[in-house]
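Subject: Structure handover

Hello,

Here is the structure I said I would pass on. My notes on it follow below.

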Amino acid sequence: MPRITSPSHLLALSLLATSLLASAAAWADGSPVGLWKSIDDATGKPKALIRISENNGELSGKIEKLFRAPEEDQNPVCQKCEGELKDKPIIGMTILSGLKKDGDEYNGGQIIDPANGKVYKSKLSVVDDGQKLNVRGYVGMPMLGRTQTWLREQ
């Protein structure tokens with residue numbers, strides 16, 4: 001077994017350990033930061049992987065992968081989106097933004113549904129010991145919307 005003694009090897013191991021500990025800490029404190037699998041409401045099948053990150057106390061979520069049937073376009077664009085997102089690739093698109101911690105929830109954000117191009121107000125909460133994320137999109141008041149449950153992927 002090779003010995004790891006060079007400073008660059010030690011730095012790489014240190015960075016890896018720090019990254020793993022940060023991920024574990026995010027799970028433990030109920031943070032939504034991480035990779036999540038969204039599930040189709042109608043079929044119950046996975047739709048996408050969304051990576052949620054935090055910057056200056058504000059959450060955003062970007063699509064990293066789509067689960068598509070072989071006959072479907074594997075790199076679709078958001079045809080129904082408006083403005084700067086019109087005809088942009090869905091993979092890599094930030095669909096969740098502006099959410100800030102508010103007690104046990106994250107509120108004040110918005111979510112874009114690339115299937116219809118609509119933008120909804122959004123809130124979310126982490127449940128089941130950090131393994132599920134309830135993501136609610138709504139118009140006007142939270143009671144006028146729907147909730148999807150996303151599953152933690154890593």
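In which loop is Asp-129 placed? Asp-129 sits in the loop between strand 6 (118–127) and strand 7. Helices (H or I, at least four residues) and strands (E, at least two) are DSSP runs, numbered from the N terminus.

Some ground rules before the rest. This is a predicted model, in which local features need pLDDT of at least 70 and side-chain atom pairs count only at pLDDT 80 or more, while totals for chains, interfaces and linings use all residues. Residues are numbered from 1 along each chain as its sequence is written, and side-chain values use heavy atoms, with hydrogens and water left out.

Overall layout

The protein chain has one helix and eight strands, in the order α-β-β-β-β-β-β-β-β along the sequence. Of its 154 residues, 31% are buried; buried means under 20% relative accessible area, exposed over 50%, and partly exposed in between (1.4 Å probe, protein chains only). The chain exposes about 9800 Å², with carbon and sulfur atoms supplying 55% of that area. Accessible areas come from the Shrake-Rupley method with a 1.4 Å probe, and for residues only the protein chains shown count as cover.

Confidence

The chain averages a pLDDT of 85, and 81% of the residues score at least 70; pLDDT is the predictor's confidence in each residue, from 0 to 100. Confidence is lowest in helix 1 (residues 7–28), at a mean of 42, and highest in strand 3, at 98. Over residues 6–28 pLDDT stays under 50, and the model has 11 contacts beyond four places in sequence for them, a contact being heavy atoms within 4.5 Å. Where pLDDT is low, the predicted coordinates should not be read in detail.

Asp-129 has a positive phi of about 55° although it is not a glycine, and at 76% relative accessibility it counts as exposed. Asp-87 also is not a glycine and has a positive phi, of about 60°. Asp-87 belongs to the loop between strand 3 (58–66) and strand 4 (94–102) and is partly exposed, at 44% relative accessibility.

Arg-152

Arg-152 is in strand 8 and counts as buried because its relative accessibility is 8%. Its side chain reaches the backbone oxygen of Ser-31 at 2.7 Å, and a polar atom of that side chain lies 3.1 Å from the backbone oxygen of Val-33. A polar contact here is a pair of N or O atoms within 3.5 Å; within protein, one must be able to donate a hydrogen and the other to accept it, and residues adjacent in sequence count only if both atoms are side-chain atoms.

Salt bridges

The structure holds six salt bridges, each a side-chain nitrogen of Lys or Arg within 4 Å of a carboxyl oxygen of Asp or Glu. One of them joins Lys-37 and Glu-153, with the closest N and O atoms 3.6 Å apart. That pair links distant parts of the chain, Lys-37 being in strand 1 (residues 34–39) and Glu-153 in the segment after strand 8, 116 residues apart. Another is formed by the side chains of Glu-58 and Lys-100 (3.9 Å, N to O). Glu-58 lies in strand 3 and Lys-100 in strand 4, so this pair ties together parts 42 residues apart in sequence. Both residues are partly exposed, Glu-58 with a relative accessible area of 32% and Lys-100 at 45%.

Regards
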